Every structure is written in structure tokens, then in C-alpha cells.
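Take a look at the model below before reading on.

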Amino acid sequence: MSLPQSRHLVTEVPGPRSRALMARKLAAVASGVGTTMPVFAHRAAGGIVEDVDGNRLIDLGSGIAVTTVGNSAPRVVEAVTEQVAAFTHTCFMVTPYESYVAVAEALNRLTPGDHPKRTALFNSGAEAVENAVKIARSFTGRPAVVAFDHGYHGRTNLTMALTAKNMPYKHGFGPFAPEIYRAPLSYPFRDGKEVDGEAAARRALLLIDKQVGADNLAALVIEPIQGEGGFIEPAPGFLPTLAEWCRAHGVVFVADEVQTGFARTGDLFACDHEGLVPDLIVTAKGIAGGLPLSAVTGRAEIMDAPHLGGLGGTYGGNPLACVAALAAITAIEEEDLAGRARQIERLTKDRLHRVQGTDARIGDVRGRGAMIAVELVKAGTTEPDPDLARAVAAAAHRQGVIVLTCGTYGNVLRFLPPLTISDALLTEALDVLQTAFAEVPA
Ligand SMILES: *Cc1c(COP(=O)(O)O)cnc(C)c1O
């Protein structure tokens, strides 16, 4: 790797060049488009993002779970370089090309279940979620869709309706698509021990049965681990019970694995953890090493329900993104990145549990693989403490560690390193976080 894999600060963060660019951003870019850090990127590789001032930051964000195989991963760079010189676009709906078909074959092979499958490719996670809903409605002939508390599915009109959180995703942007209903999730930290996975599923299914009715319901859309909602892992049994109910009632079970997919959680897909086989699985983020690509993959009879020409889009399955995805998938398989994610989980959780032992403001340490979070609360309670999350993140940022917050209450720090980060860099980032916790007063 040409970019040294070490944290290195040569100016304060942000430095003068980033500050000058931020002034231009403020004058030129719509102010609704925010940034986590006021720092402009120059290059990135492995576990490091180097900014325009020459500061090297440790990356615990992966551009929101995208650069799973590392930034500018050599295989991805090579494949895209070759493709960009051959052709950049023909539109798959006009004159198709092999790489699109090869990505579909790979997804059909790798996603949970060994039934016959088909895949369609799109550009963004939200676009793929919308298409999953279109496909489920076409297959079932039913209108309604159920999403869950704390769910995040995107920012288009239909996916805003599916997304739970008002601020910042929905506020002022309605009215939203109709026939979307919301059911309660399993949230072990807040449910307490009395509500196990099955009980939480029964709670949700009772509401769905009484307020929607299975006969009106096309699809149930759920993230196997809530991402933006706070890395909420449902209690064991919750997802299988929902899936079983869907099967019994002809409802399409859609797993939104946009954030959890492609080895992020220590399995190739988060559904694999409980042997769950969704009818449709939506993927994006980690799929193509940073190029925009998304997919819906699922049972052939469901995927083939829409009429000829009913699915598509100008750029869906762009050839650069497709060859990048094939290279990323090769890296994930050949380098056993799922195994690497499990190592990252052990190292990260071990440290966070130790910090939790000395700091009662860490209410919960959770997540799987390289998708780990801490939920912060007022010590000794479950009252969310978003100010603490903000303060710790800001302290980490100043010390050259990229860390993101999330959660319905804004009180969750989440760690999503590229799976190519070294143990040494990860340990150093956790040192910085531990110091940040110690320095932010209770
Ligand atoms: C990010 C995300 C989306 C939306 O993906 P975009 O590419 O930003 O449209 C949908 N679902 C989940 C679970 C996500 O994390």
C-alpha cells in the first residue's frame, strides 16, 4: 500500500486547506447536504484516509459501510481501469454486457438459500429497496408494506415512508407514500429480558394482523441488524418467527442488507447468522468497493413477476460498478474477509467491554463483525445521552479518528472499519476513543 498505514497529524483537524474548501462548500453546495467531519479527503487506502492537509486519519466509517474491501482496493482499481478504457456505458437495457450477468450469477450463488434465484441491479440502496417493494406488489397483487421501528431504508419518497426517524430524514418532506405501516422491533437493551425474540415477534405480528391484515400485505421489509437506527440486533428468534409467519401468509419477506451485507457482520450476509432465508434480499453499500451499485436478489418466481420492461433504469448495473463488484466479491471470498470481520469483532468488543467496566455511561456494547456500536446513556439509567455521543465523536475527530454516530436517539457511536484495517490501527483508534471517554466529563 503506497499510503502509510499510520495515524499522523501535521495540522489541527480541520487544517487550513480543509477550512478553505469548507468555505467553498458552504457557498456552492446546498446546505441540506451535511458532513460528519469538516475535513476534505485527498486519498485513502487500508484503514487510513489522508486529508488535503496531509493528516492521516484512522477510518472507522468506511464511507458508511461501503469500502469493506478497503478504499481503492488493488483488485477493484485494476478491474475498473480496464473497464473504463473499454466502454463506460451502453445501458444494459439497450445492448447488455457480461459483467452485469456475472454479478447476478454471483449474488444468486452467494445470498442465503439454494432455491432458483434472479437478480436485478440498480444504483443506490434506496432505489433497490423501492424495486423490492415494486416486485413484491407485482407478485402478490397486494398494496401494503410493513416496516419497523428504528428502520432506515433511504431518502426517496417511498423509502422515506419506510424509514422511521423524522429528523433529519423526513422532516418537512412529506406527504409520504401511502400503505406503509410500522411495527415494533425487538430491541433487547430497551425491551428488557422479559421480551425474548419470539415474544417481540408476536407483539409485532399481532399489530400487523389487527391493523393491516395479512391479505392486504405485500411485503415485510426489515434490516436484520438496524443500521442508522442504532446497530440494534434483534433478540434470537425474532427474525425467524417473522419469516415463518410471512411464509404461512404469502407475504414477501424482504431483508434490507444494504448496510449488513458482504461480510460486514462476520457472515457473508447477516441473515446467515440464524440460517434465515429471505424471499428477497436488498444489497448495496459494501457490494462494489465504493462504486455505486445495488441489487435485489430473490426467489425466481417472485423476481420474475413484473412484466417485461417493468424493471430497469438508465444506469442500473453500470459496467464500471459491475466489474468493481466482481473484484470486491473475489476479494471477500479469497481473503476470507468474513473471518477478518469476526477477528475485528473480538478485538473491538473486548476493548469496549473493558471501557464499559469503568464507565457506566456505556449502556450497551453490541453488534456483530465489523459492525459494532456502543449505546450511551446517563449512568445507571437507560436514558439516552446524545450529547455524550457527540462529544466523544468530536474528541475522536480532533485526534484523527473518523467515527460516526447513529441511533433514533442520536446516542450511539458506531464502528464500521474497512475489513482491511490492521489490528495495530484498530487498537490505536480504540485507545483514542478510550481517552475521549475519560476526558469528557460525566
Ligand atoms: C444506507 C442504507 C439504505 C439507503 O442506501 P442509499 O444508497 O443511501 O440509497 C437503505 N437501507 C439501509 C439498511 C441502509 O443502511
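The chain is split into domain 1 (16–72 + 336–439) and domain 2 (75–334), with bounds that come from an automatic or database domain assignment. Keep in mind that this is a predicted model, where local features need pLDDT of at least 70, side-chain atom pairs count only at pLDDT 80 or more, and totals for chains, interfaces and linings use all residues. Residues are numbered from 1 along each chain as its sequence is written, and side-chain values use heavy atoms, with hydrogens and water left out.

**How the domains meet**

- The centres of domain 1 and domain 2, taken over C-alpha atoms, are 25 Å apart.
- In domain 1, 40 residues are in contact with 35 residues of domain 2 (contact means heavy atoms within 4.5 Å).
- About 3,000 Å² is buried between domain 1 and domain 2, and carbon and sulfur atoms give 57% of that; buried area is the accessible area (1.4 Å probe) that two parts lose on being put together, summed over both.

**What holds hands across the interface**

- The rule finds three salt bridges between domain 1 and domain 2 (a side-chain nitrogen of Lys or Arg within 4 Å of a carboxyl oxygen of Asp or Glu).
- Arg 368 and Glu 233 meet through their side chains in a salt bridge, at 3.2 Å from N to O.
- On the side of domain 1 that touches domain 2, β11 gives the most, with five residues; strands are DSSP runs of E, at least two residues long, and helices are runs of H or I, at least four, both numbered from the N terminus.
- That side of domain 1 divides into 21 nonpolar, 12 polar and seven charged residues (Ala, Val, Leu, Ile, Met, Phe, Trp, Tyr, Cys and Pro count as nonpolar, Asp, Glu, Lys and Arg as charged, and the others, Gly among them, as polar).

- Most residues other than glycine have a negative phi, and most peptide bonds are trans.
- The bond from Val 13 to Pro 14 is cis, with omega near 0°, and Pro 14 sits in the segment before α1 (16–28).
- Another cis bond runs from Gly 174 to Pro 175, with omega near 5°; Pro 175 is in the loop between α6 (157–162) and β6 (180–183).
- Ser 62 isn't a glycine, yet has a positive phi of about 50°; Ser 62 lies in helix α2 and is buried, with a relative accessible area of 0% (buried means under 20%, exposed over 50%, partly exposed in between, with a 1.4 Å probe and protein chains only).
- Phe 231 isn't a glycine either, and has a positive phi of about 50°; Phe 231 is in the loop between β7 (217–222) and α9 (238–249) and is buried at 0% relative accessible area.
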